[in-house]
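Student: I have a model open and want to go through its packing. Can we start with the terms?

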Amino acid sequence: IAMRREAVRLDPLSRSAHRGLADSAFSSGALDEAVRELETIAEYTPDYPIHHLKARIELLRGRPREALDAIRHDSMNWRRLYISAIAYHRLGDSESHRQALTELIDSHSNDAGLQIAIVYAQAGDKDKAFEWLEKAFLQRDPGLIELESDPELDPLRGDERFRSLEDRMGFRQPLRATGR
């Protein structure tokens, strides 16, 4: 976060610097700071895509209706579906949850395995979550780079299968000297 703040200080008009800080703040639980950064981006560039992170923040704050409001403007179908599935689950709307999850799987099983895993994790189905995390791993899902920091995966962290995935991805390996 300190490095991201420095990047914003050095280039206060950079959307990517603000977005990077918002992402880091979100991952570390500094939700107010993440929202401030998103508001700064929206002030400079109202059409910059921030809906997804805003919706994720609302879910972490326990506000699923606000998450649904935020995500409906997102241009990416898979993001709308996975956020909606989680929000509907939290609202107790099992039919809408099931519909969003089914559509997500039917239309994005080859490119949103991580998000499908997150939906299952958030709904408390650890076995299905790990099944989809494994698919995401085999698909080389780029979102897995955030495996250790994504708060949406918190329900899975104490499970040995999570530690095994971290090991296979090299997250828990000691740093090795490069010989330089």
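Tutor: Start with accessibility: buried means under 20% relative accessible area, exposed over 50%, and partly exposed in between, with a 1.4 Å probe and protein chains only. This is a predicted model, where local features need pLDDT of at least 70 and side-chain atom pairs count only at pLDDT 80 or more, while totals for chains, interfaces and linings use all residues. Residues are numbered from 1 along each chain as its sequence is written, and side-chain values use heavy atoms, with hydrogens and water left out.

Student: Okay, His73: buried, exposed or partly exposed?

Tutor: His73 has a relative accessible area of 47%, so it is partly exposed. His73 sits in the loop between α5 and α6; helices here are DSSP runs (H or I, at least four residues) and strands are too (E, at least two), numbered from the N terminus.

Student: How do α5 and α6 cross?

Tutor: The axes of α5 (residues 64-71) and α6 (residues 77-91) come within 9 Å and cross at roughly 160°. Axes are lines fitted to C-alpha atoms, for helices over the stretch in contact, and angles run from 0 to 180 degrees between N-to-C directions.

Student: Which residues of α5 and α6 meet?

Tutor: From α5, Pro64, Arg65, Ala67, Leu68 and Ile71. They meet Arg79, Arg80, Ile83, Ser84, Ala87, Tyr88, Arg90 and Leu91 of α6. Contact means heavy atoms within 4.5 Å. By class, the residues of this contact are 8 nonpolar, 1 polar and 4 charged; Ala, Val, Leu, Ile, Met, Phe, Trp, Tyr, Cys and Pro count as nonpolar, Asp, Glu, Lys and Arg as charged, and the others, Gly among them, as polar.

Student: Take Ile83. What does it touch beyond its neighbours within four places in sequence?

Tutor: His52, Ala55, Arg56, Leu59, Ala67, Ile71 and Glu152. Ile83 counts as buried because its relative accessibility is 0%.

Student: And Arg79, buried or exposed?

Tutor: Arg79 is buried, at 17% relative accessible area. Not counting residues up to four places away in sequence, Arg79 touches His52, Ile71 and Asp74.

Student: Which residue has a positive phi although it is not a glycine?

Tutor: Arg140, at about 60°. Most residues other than glycine have a negative phi. Arg140 lies in the loop between α9 and α10 and is exposed, with a relative accessible area of 73%.

Student: Last topic: how many residues are in the largest nonpolar core?

Tutor: The largest nonpolar core has 35 residues, and Tyr82, Leu104, Leu133 and Leu156 have the most contacts inside it. A nonpolar core is a set of buried Ala, Val, Leu, Ile, Met, Phe, Trp, Tyr and Cys residues joined through side-chain atoms within 4.5 Å. Another core, of 11 residues, lies apart from it and includes Ala22, Ile41, Ile50 and Leu53.
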